[in-house]
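Student: I want to check the labels on this model. Can we take them one by one?

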Amino acid sequence: MLVSVTVGQRVALLPLALLGFVGLLPRGCLSRPAEDEDYYMQELLSREHYYRIPVQEEYPAEGDQVWRDDLQPPTPQNKSKTKPTSGKQAGAEAKSVKSPNKKSEKTPNSISEAEGQYQSERVECPPLGLETLKIDDFQLHASTMQRYGLGAHRGRLNIQAGLYEDDLYDGGWCAGRNDPLQWFEVDARRLTKFTGVITQGRSSLWSSDWVTSYRVLVSNDSHTWVTLKNGSRDLLFIGNKEKEIPVLNTFPKPVVARYIRINPRSWYSSGSICMRVEILGCPMPDPNNYYHRRNEITTTDNLDFKHHSYKETRQLMKVVNEMCPNITRIYNIGKSYNGQKLYAIEISDNPGEHELGEPEFRYTAGSHGNEVLGRELLLLLMQFLCQEYLSGNPRIRHLVEETRIHLLPSVNPDGYDKAAEAGSELSGWSLGRWSQDGLDIHHNFPDLNTILWEAESRKWVPRKFHNHHIPIPEWYQSKNATVAMETRALLGWMEKIPFVLGGNLQGGELVVTFPYDRTRSHGVMREATPTPDDPVFRWLAFSYASTHRLMTDASRRVCHTQDFAKEDGTINGASWHTAAGSMNDFSYLHTNCFELSMYVGCDKFPHESELPEEWENNRESLIVFMEQVHRGIKGVVRDLQGRGIANAIISVEGINHDIRTAADGDYWRLLNPGEYRVTVRAEGYAMASKVCEVGYDMGATRCSFTLTRSNLSRIKEIMEKFNKQPINLRHPPRRPRQRRLGT
């Protein structure tokens, strides 16, 4: 028998023992089969019978309980209103969320609000994991499919189709026939307390397909099914009104079963039966369940695993600062469009000071406000570093004492607020992605690639144009330029601190990308466009991906359309998709910083119950990548008096990209193991060169220089000292007199 959690006076599921008898009762509904007929038996019907089924939207049969916009039921007395939090909350009414340029819908639940006769039982359960891939492809089944690329394995919430739709990776499950006999099934592999369903239409640039109403059936053996009812009435849930906005329908009370089916009853008149789905449910205790034990990930770290609002983020930073006052410092780099401060935390043995020879490292997250996992990972990393430093972990203590670490958890707090207001599963794919003024912060930087490549095509590099520290165009710095306030804050931060290595955490995929992010060929959407430091970038990307629990797992399922595990979990940004003005390209061309993007999870905004597992997936990778800042060469460029020389150019033979020394004359050059001839140039000094060797052991090789003044600079100093000028400056050369020719 299917078990209901509590017994309601008017709502109960029929015992399975009576199901066979009830299924024999005739019921008229536009010439369709009885509602409780075994759906596996329906599959045995002939194809011709399917074609005789009407394919227009279904009208509710007599006895069906349904909510429609034109039916306004009486409002129940003393009904409480609940507001969704950042996690999933199973409320008494279905919710849909806002998306850009679309007005939010509110779809009341056809069960709990029909006539105010019933008070629902609220039980909060997390998603089973269709979006996060915890539910694997073998647990998803469907009655039919249009083709393999639209099979049940593609019916996952927020799954994305490729730009060019093909037969392998499409944007949802689509039934092979449009009739009321189709179904989408999830096998939880254990008894589960189901509490609700979230649906979307098909992700597609070319098609418009979604389900407008559906029924829900549950089973313990996948053969005998029970339809969710309100008393004696089948429940008809209102679905989507367009294809992207997620719609949540919660059950009037939880139901315990192993299998759950969604049976579409009507769909968009100009489209087909297509869905993307997430199921809300709490697994019932079952220590003997093999599948649960195999997939269970636990963590021993005592951290604050939850989603943090802006205020909570600031409070958590303060707690960490009070726990570790000697190694932490909180500061802000500017403000967002809505006036929220962009807080960062510094972790170092001498916070607030740049130590000579100590490299600067940064992690940023949340440039896309709806990509929340990176934000929470940095907050967890902040706590972890503090706790491990206090406990005496030698690896962490060495990292903190030898590196100045900066963590900026939320670049776009305004966008996060939008996504968090909707909730983790209901924010969709894009709500909160952009800044408050509608800009993509990560791609809002000046396009320096085009400037460099134009100079190279004219053969200006290196005599007339440097291959590094390319200046920002004047138009970009004007007040009228379309630049987000958050981007300007990042620019000032990047120019103020001599960062050596950086990573920005993003979401929606499992891959690490490295520059260049823009294709060099005009009009080409995808093309490998490597930097002069391509071998170094590939190593840096692999250092993160190879230590991640899932990125290089060849057996894992792809998030959306590309199998990055075949490429060791890394890819050149322009090979994936071209994007001008990225933060990664700007960092490389305008500063000394090598920056990469880490896409840390398929789910941009996972439920907070997923955070411990996501932390375990990324913890080692986050630490290993920080340690790479100590790979290559480092040193100090001084004059004969021992003073550091700022802005000296460091060139490595064979690599057409230079870096410069910081204000104190120190520098760091990321390099792979090998021997390199390094040359230093500085205005007013003679050039110096030496061979430096980089080993395989962790730790940068010291390679310092002492420069002498050039002859020309000495002459200028002497002339200035005696208040004189060089001859060519005192008396401009006379023009030769022209001879007048007589006539």
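This is a predicted model: local features need pLDDT of at least 70, side-chain atom pairs count only at pLDDT 80 or more; totals for chains, interfaces and linings use all residues.

Student: Why is Met 525 called partly exposed?

Tutor: Its relative accessible area is 48%. Buried means under 20% and exposed means over 50%. The value 48% falls in between, so Met 525 is partly exposed.

Student: Where is Met 525 found?

Tutor: Met 525 sits in the loop between strand 18 (509-514) and helix 12 (534-545).

Student: Which residues form the nonpolar patch on the surface?

Tutor: Leu 163, Tyr 164, Leu 205, Trp 206 and Met 525 form it. Together they have about 650 Å² of accessible area. Patch members need over 30% relative accessible area. Met 525 has 48%, so it passes that cut-off.

Student: What makes the pair of Tyr 214 and Phe 237 stacked?

Tutor: First, the structure holds 23 aromatic pairs. In the pair of Tyr 214 and Phe 237, the centres are 5.6 Å apart and the planes 15 degrees. Centres must lie within 6.5 Å, and planes under 30 degrees apart count as stacked. Tyr 214 is in strand 7 (residues 211-219) and Phe 237 in strand 10 (residues 233-238), 23 residues apart. Both residues are buried.

Student: Why is the pair of Phe 237 and Phe 251 called tilted?

Tutor: The centres are 5.8 Å apart and the planes stand at 55 degrees. Stacked needs under 30 degrees and edge-to-face over 60. Phe 237 lies in strand 10 and Phe 251 in strand 11 (residues 247-267), so the pair ties together parts 14 residues apart in sequence.

Student: How do you know that Phe 237 is buried?

Tutor: Its relative accessible area is 0%. Phe 251 has 4%. The cut-off is under 20%, so Phe 237 is buried, and so is Phe 251.

Student: Which residues have the most contacts inside the largest nonpolar core?

Tutor: Tyr 363, Leu 490 and Leu 596, in a core of 92 residues. Helix 6 (residues 372-391) gives the largest share, eleven residues. Apart from this core lies another, of 29 residues, including Tyr 214.

Student: What does Leu 490 touch?

Tutor: Its contacts include Ile 333, Leu 408 and Met 583. Met 583 is one of the buried residues of helix 14.

Student: How many residues of helix 14 are buried?

Tutor: Eight of its eight, across residues 583-590.

Notes: Residues are numbered from 1 along each chain as its sequence is written. Side-chain values use heavy atoms; hydrogens and water are left out. Patches are made of residues with over 30% relative accessible area and no salt bridge: like charges are joined within 9 Å, nonpolar side chains (Val, Leu, Ile, Met, Phe, Trp, Tyr) within 5 Å. Accessible areas come from the Shrake-Rupley method with a 1.4 Å probe; for residues, only the protein chains shown count as cover. A salt bridge is a side-chain nitrogen of Lys or Arg within 4 Å of a carboxyl oxygen of Asp or Glu. Helices (H or I, at least four residues) and strands (E, at least two) are DSSP runs, numbered from the N terminus. Buried means under 20% relative accessible area, exposed over 50%, partly exposed in between (1.4 Å probe, protein chains only). A nonpolar core is a set of buried Ala, Val, Leu, Ile, Met, Phe, Trp, Tyr and Cys residues joined through side-chain atoms within 4.5 Å. Contact means heavy atoms within 4.5 Å. Rings of Phe, Tyr and Trp (its six-membered ring) pair if their centres lie within 6.5 Å; planes under 30 degrees apart count as stacked, over 60 as edge-to-face and the rest as tilted. Lists of a residue's contacts leave out its neighbours within four places in sequence.
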